Every structure is written in structure tokens, then in C-alpha cells.
Amino acid sequence: MSKRIADMLADRGTRKLLVPFFTVGYPTFKRSLDLVRAAVDEGADMVELGMPFSDPMADGPQIQFSSQVALKNDTTLKSVLKAVSDLRQTINVPLILMGYVNPIVAYSEKRFLADAANAGADGLIIPDLPVDEAKSFKSVADSHGLSTIFLVSPTSNKERVEQIDGLSTDFVYAVTVTGVTGSGRKFGRETDDYLKRLKQTLRQPYVAGFGVSSAESACRLTRYADGVVIGSKLIGLIREAKSSREAVSRVAGFLRTIRRAI
Amino acid sequence: MAGESKRMPDKKGRFGPYGGRYVPETVIYALDELERCYRQFKKDRRFRSELKGLLADFVGRPTPLYYAERLTAFLKGPEIYFKREDLNHTGAHKINNTVGQILLAQRMGKKRIIAETGAGQHGLATATVCARFGMSCIVYMGTEDMKRQKPNVEKMRLLGAKVVPVTSGSATLKDATSEALRDWVTNVRSTFYVLGSVVGPHPYPMIVRDFQTIIGRETRRQSLRLFKTPPDAIIACVGGGSNALGIFADFLKDDQVKLIGVEAAGYGLTSGQHAAPLAKGKPGVLHGAFSYLIYDDDGQVILPHSISAGLDYPGVGPEHSLLKDSGRVTYGTVTDAEALRAFEQVSRLEGIIPALETSHALAWLMKHKRKFKKNEKIVVCLSGRGDKDMPIVASAGMLDE
């Protein structure tokens with residue numbers, strides 16, 4: 001369990017959590033850190049740092065794109081850990097690493113988790129590591145005080161939701177719709193019912209993500225969810241910007257709107 | 001249906017340390033549902049008899065075990081036999097599996113079918129059974145493969161399938177598979193994913209192997225009739241590895257039968273441009289399973305290369321990984337150039353145009369004929385026919401006068 005996450009959750013009161021996602025190394029290493037700092041200035045409660053992978057199965061076009069650019073910029077797990085320790089100089093919000101299994105296998109699970117904890121990371125989200133395969137990962141992460149956050153989906157039955165709740169530390173990540181990141185689908189009654197059901201079943205707080213693209217959708221989700229994760233939308237804003245300054249201001253402006261709305 | 005390899009995988013979908021289910025939570029329930037239905041129907045008499053009927057009358061089984069007389073004379077080595085999977089409907093072993101999976105899809109009430117394809121043989125076999133059963137079919141195919149396997153793209157479209165071009169990554173089988181998985185994660189409730197090889201998350205490696213095991217069961221029966229014994233060796237090409245496991249599975253317990261899998265060495269194993277994870281890779285995770293994989297020091301998957309679109313894949317089925325480690329199967333490699341040479345020689349000597357994939361198995365045998373005694377009986381799994389490869393061999397200059 002991460003103290004930073006526990007403290008943040010304890011202090012939040014009735015405030016809904018704003019959790020932006022950035023791919024480390026996109027558009028460049030340095031700029032990705034600038035974006036994180038700007039997001040924290042706008043009131044982000046935690047930040048997810050994407051660790052790029054060549055074959056991101058759970059990601060839609062925007063995060064696929066940012067991952068490819070990041071890899072072209074020679075982003076590795078080592079650079080992700082450097083990003084964490086650089087950010088830790090000035091930032092105190094929890095930093096959650098999000099990425100796929102294979103780079104961690106290549107680095108060595110044990111060494112990576114030890115190095116991540118040393119760098120100042122607080123937790124991990126691995127979309128292609130469901131609870132069934134996570135036994136050793138979880139116990140090593142626990143031993144380093146790193147939180148493991150698992151995903152629940154609209155297709156998870158009650159028994160699995162309870163299992164995921166039990167293995168997640170501090171909070172759970174709810175995938176809003178069946179699909180990949182950045183689906184852009186409208187959330188309807190079905191999503192409301194699902195999020196309401198989660199609220200009743202989960203013992204821990206949860207954040208909702210995948211396809212949160214406007215203040216309206218963020219508001220709708222946070223009627224039940226304890227917070228929202230925003231990723232693809234931010235990558236899209238960065239892609240559209242003509243300069244790095246414009247990228248930072250667009251991202252900051254968007255997060256400000258969400259912060260006010262939720 | 002599972003035959004003799006029923007013991008594997010274990011309950012968690014593991015072949016020793018390999019296999020498992022490294023997939024997003026959203027599709028876990030669908031994998032559970034698929035496994036439940038498969039275990040139920042494989043024992044169901046009506047399911048089995050329907051499958052048997054389709055394999056006989058729609059696919060054209062049993063396929064012959066054919067004595068390759070002129071190739072044998074030419075090599076002056078062991079006696080060579082071809083297990084003629086090229087004579088199946090649609091021209092490859094792939095349809096053994098798609099017929100089985102479409103019957104499962106039908107019983108599970110799923111009407112929308114998706115598939116990935118490399119060489120187009122699995123896409124074609126899926127489009128074919130979808131036409132036969134009146135289901136809508138979407139095939140993901142890399143744009144690079146669409147170019148080099150154009151005849152199959154046209155056939156799939158004729159059969160009513162929608163072929164979706166995939167441009168990401170290397171625009172080949174790896175990327176088509178990722179895109180099919182993304183579709184499945186999105187449309188999981190309505191959609192059945194017909195996976196084409198012994199790869200992916202559990203239960204796919206088991207299901208595909210079991211549906212392909214008919215190749216080995218027939219080979220055993222035919223060998224006993226022809227030679228009074230099982231063959232001395234069996235050789236098959238390995239991309240994901242479904243034709244190889246299909247013909248090996250029934251012989252795994254016969255220790256005297258040598259089993260040889262042949263991977264694609266592309267431009268050569270030291271060139272860095274190959275598709276030989278068992279020879280040159282390390283265990284890792286791609287497309288839902290832990291298995292041998294080619295990736296760099298940072299864990300990023302290396303773009304594979306093979307002249308054969310069906311072998312152009314950075315991973316391999318998890319059961320092959322175990323069979324490599326246990327030593328029960330010997331794995332070798334063959335380069336693009338060697339495969340092309342075998343393609344031409346076998347065409348001219350036997351009047352059979354083998355697929356470029358299959359040509360890797362043939363080339364290995366031609367290269368290593370001295371490993372075998374003269375009277376030994378060698379079966380090559382002739383996994384598919386090569387007309388689909390005409391654009392590739394033409395651009396390699398083979399057809400110039």
C-alpha cells in the first residue's frame with residue numbers, strides 16, 4: 001500500500017478525483033514531464049504515467065500513436081523511472097505507472113518493482129495482467145509498498161468484482177464500456193447501472209476511465225464513481241496543438257474545465 | 001476430440017510455465033464462456049457427428065498420405081510422404097479449425113464472426129465457413145499481407161467477408177491479431193473470435209490444437225496401413241504452429257517418432273530479420289500468452305520477417321515452447337532463399353505447388369536428408385497449397401523465362 005495514495009484518499013473529502021494520463025516520452029521526454037506538472041497545477045489528484053509498448057492491445061488509436069512516438073524517442077522503462085524520480089523533485093501527488101506485461105518481463109519483474117518503488121512511484125496498472133495471472137506480481141509489489149490497481153469491466157460478474165476489489169490496493173479502476181481506450185462512445189443508462197452496481201459491490205473507492213472526453217461525460221460518471229481517468233482525449237489535444245506551449249495550455253484548459261465540473 | 005494430449009494444458013491454461021490468459025478483464029468472461037461451451041460440446045454426440053460430416057463432405061477428409069516418389073528418388077535419402085492438407089477445401093489445414101469453431105459459435109448464439117489472417121488462408125477458411133453458415137464475417141489483415149497475398153483477399157471478398165486493412169506496426173499478422181483482439185474487446189458480447197492458430201489466451205491454444213489433431217490421427221491410421229508402423233519422423237513448419245501441433249499431437253507419446261518443427265529464418269538467424277522465436281527468442285507475453293517471443297532488451301516486440309506471410313509472426317504457440325524445453329520436438333530453421341528453392345523443386349518434381357510456409361518444412365528435409373536412413377519413412381505435413389504465393393514468387397524472379 002502506498003502512503004501517498006492512502007493520504008490523498010483520506011484527505012479528499014467529497015471531492016471527486018481527477019486523474020490524467022500521459023505517455024512518458026510523448027511528444028518528447030521533457031515535454032511529457034511539463035504536461036504532468038501542468039496537470040498537477042490544475043488540480044490533478046494523481047497522475048497515470050503510460051509506459052509505451054509496441055503492441056498495446058487495450059489501447060485505441062490515440063494511445064497507440066503516442067506509444068509509437070514515445071518508442072521512436074527511445075523511451076524505455078528506464079526512462080519512465082527517470083521521469084518518476086525527476087517529477088518527484090517537485091510533485092507530491094501519487095504517480096501510477098500504466099503499461100503492459102512484456103517490458104516488465106524483459107526488465108525482470110522483481111528488479112522493476114524495486115526500482116519503481118525507489119524512484120518514487122506509488123502504484124501500477126497493467127491492463128493485460130488480470131487478477132488470475134497476478135499472484136507473484138502482487139506479492140512483490142506489496143513487499144515494496146507499491147499499490148496494485150486492477151481493472152473491472154462491465155463484463156465482470158459479481159464474484160470477479162469482489163475478487164478484483166480484494167486484490168486491488170487503495171482503489172479500483174473501472175473500465176466504463178467494453179472496448180479499448182478512447183472509444184468516444186456516449187455513456188447511457190447501461191453505464192449508469194453498471195457504475196451504480198460497482199458502488200454497491202466494491203469496498204474500496206474506484207475511478208472510471210476509457211472514453212472520458214468531456215465535462216458532461218465526467219459529470220455523468222462521477223455521479224457514482226469516485227473519480228475519472230482521462231487519457232486519449234489529452235493525447236488528442238496534444239496532437240492537435242501547433243506548438244508545445246499550445247499543447248500545455250490546451251491540456252491545462254481542458255483539465256480546468258473538468259476540475260470545475262466534477 | 002482432445003486425443004492423447006488431453007493432459008495439457010492444466011486448469012489455468014498452462015503448458016508447464018507457458019500459456020495463460022494475459023488479456024484485458026473485459027474478455028475474461030468470454031474466454032470462460034468459450035471454454036465451458038467447448039468442454040460441453042466436445043463430448044456432445046450431435047456436435048461430433050455434425051463436425052465429422054462437415055469434415056468429410058465439405059472439407060474433403062480424410063486427406064491422402066501420398067508417397068513423393070520423384071522427390072525421394074531425387075534426394076536419394078529416406079522415403080518421403082506428404083500428408084496432403086493442401087487438398088482440403090480452401091487449400092490448407094486451416095479449415096479443420098474454422099469448421100469446428102463456427103459450430104461452437106453457432107451453438108453459443110454468436111452471429112458476428114471476426115478473424116485475423118496473415119497469408120490469408122485462415123481468413124479464407126473463416127470467410128468460407130461464415131458463408132456456409134450465413135454469418136457475418138470480418139477479417140483483419142495487414143496491408144503488407146494484402147499486397148503479397150492478393151488472390152486470397154479477392155476470394156474472401158467474393159465469399160462476402162469484409163477485409164479490414166491494418167496499417168499499424170509492420171502491417172502484418174502481428175498487427176492484424178492485435179486489431180482483431182481490440183475488436184473483440186469492444187464487441188465481445190455479440191462476437192465470436194475465430195482464432196487461427198495455437199496461440200492467444202487459453203482456451204484457444206487447446207481448442208485449435210484439438211480441432212487440428214485430426215491431421216495426426218489420420219496420419220497414424222494411414223501409416224499403420226502403409227508401413228505397419230508409425231512413421232520414423234514427421235516434419236512440419238511452425239509459424240503459430242497449428243499444422244505442426246495438429247500432426248504431432250497424436251505422436252507425442254511415441255518416443256521413437258522424431259518430430260521436427262521448422263521456423264522461418266528469413267534473411268538468416270544472424271540477420272536480425274527472421275521469424276524464429278523458438279530459435280532466437282526468449283519467453284515473453286504477446287497476444288494473451290506467455291511463450292517464446294522475439295523482443296529487444298526493452299521488451300518491445302521486434303518486427304519479424306519471413307517471405308512467407310503465414311510464418312511472419314514474432315511469437316509461437318505456448319505448447320511448442322514447452323515441447324522445445326522438454327526436447328520432445330526438435331526445432332530447426334530455414335531461410336527465405338532455401339524455402340523458395342524447395343518451393344520450385346517440389347513443384348517440378350511432384351506436380352504439387354506447396355505453400356511457401358510448407359516449403360520451409362520441405363527445405364529442412366532436403367537440407368538434412370543425411371540425418372535419416374534410406375529405408376526410413378518421413379512424413380511432411382503438406383499444410384497448404386502455393387497458388388496464393390504466385391505474386392511473391394513472381395516478384396522473387398522465379399517465373400522469369
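This is a predicted model: local features need pLDDT of at least 70, side-chain atom pairs count only at pLDDT 80 or more; totals for chains, interfaces and linings use all residues.
I began with a working cut-off: buried means under 20% relative accessible area, and exposed over 50%.

**Entry 1**

I found B:Asp255 in the loop between helix 11 and strand 10 of chain B, and B:Arg328 in the loop between helix 13 and strand 13 of chain B, so the pair ties together parts 73 residues apart in sequence. Is B:Asp255 buried or exposed? At 63% relative accessibility, I put B:Asp255 down as exposed.

**Entry 2: other salt bridges**

My search of the whole structure gave 51 salt bridges over all chains. One of them joins the side chains of B:Arg112 and B:Asp183, at 2.8 Å from N to O. B:Arg112 sits in strand 5 of chain B and B:Asp183 in helix 8 of chain B, 71 residues apart. I logged B:Asp183 as buried, since its relative accessibility is 7%.

Next I checked B:Arg148 and B:Asp145, whose salt bridge has its closest N and O atoms 2.9 Å apart. These two are 3 residues apart in helix 6 of chain B, which means about one helical turn separates them. I marked both B:Arg148 and B:Asp145 as buried.

**Entry 3: the sheet in chain B**

I then traced an open sheet of 6 strands in chain B, in the order 3-4-14-9-10-13 and with mixed pairing. Strand 3 (65-67) and strand 13 (329-335) of chain B are at the edges; each has a single partner strand, so one side of each lacks a neighbour in the sheet. From one strand to the next I get an average twist of 30°.

Strand 10 (residues 258-266) pairs with strand 13 of chain B in the parallel sense, over 7 bridges. There I saw B:Gly266 opposite B:Thr335. Helix 14 (residues 336-350) of chain B packs on the sheet, and its direction makes about 90° with that of strand 13 of chain B. Helix 15 (residues 356-367) of chain B lies across several strands, including strand 4 and strand 14, and runs at about 135° to strand 9 of chain B.

**Entry 4: nonpolar cores**

Which residues have the most contacts inside the largest nonpolar core? I found A:Leu97 and A:Phe112, in a core of 188 residues. Helix 1 (residues 25-41) of chain B gives the most to this core, with 8 residues. Apart from it I noted another core of 29 residues, among them B:Leu75, B:Ala339 and B:Met366.

Terms used
Residues are numbered from 1 along each chain as its sequence is written. Chains are lettered from A and ligands numbered from 1 in the order in which they are written. Side-chain values use heavy atoms; hydrogens and water are left out. Two strands pair if DSSP finds at least two bridges between them. Helices (H or I, at least four residues) and strands (E, at least two) are DSSP runs, numbered from the N terminus. Axes are lines fitted to C-alpha atoms, for helices over the stretch in contact, and angles run from 0 to 180 degrees between N-to-C directions. Contact means heavy atoms within 4.5 Å. A nonpolar core is a set of buried Ala, Val, Leu, Ile, Met, Phe, Trp, Tyr and Cys residues joined through side-chain atoms within 4.5 Å. Buried means under 20% relative accessible area, exposed over 50%, partly exposed in between (1.4 Å probe, protein chains only). A salt bridge is a side-chain nitrogen of Lys or Arg within 4 Å of a carboxyl oxygen of Asp or Glu.
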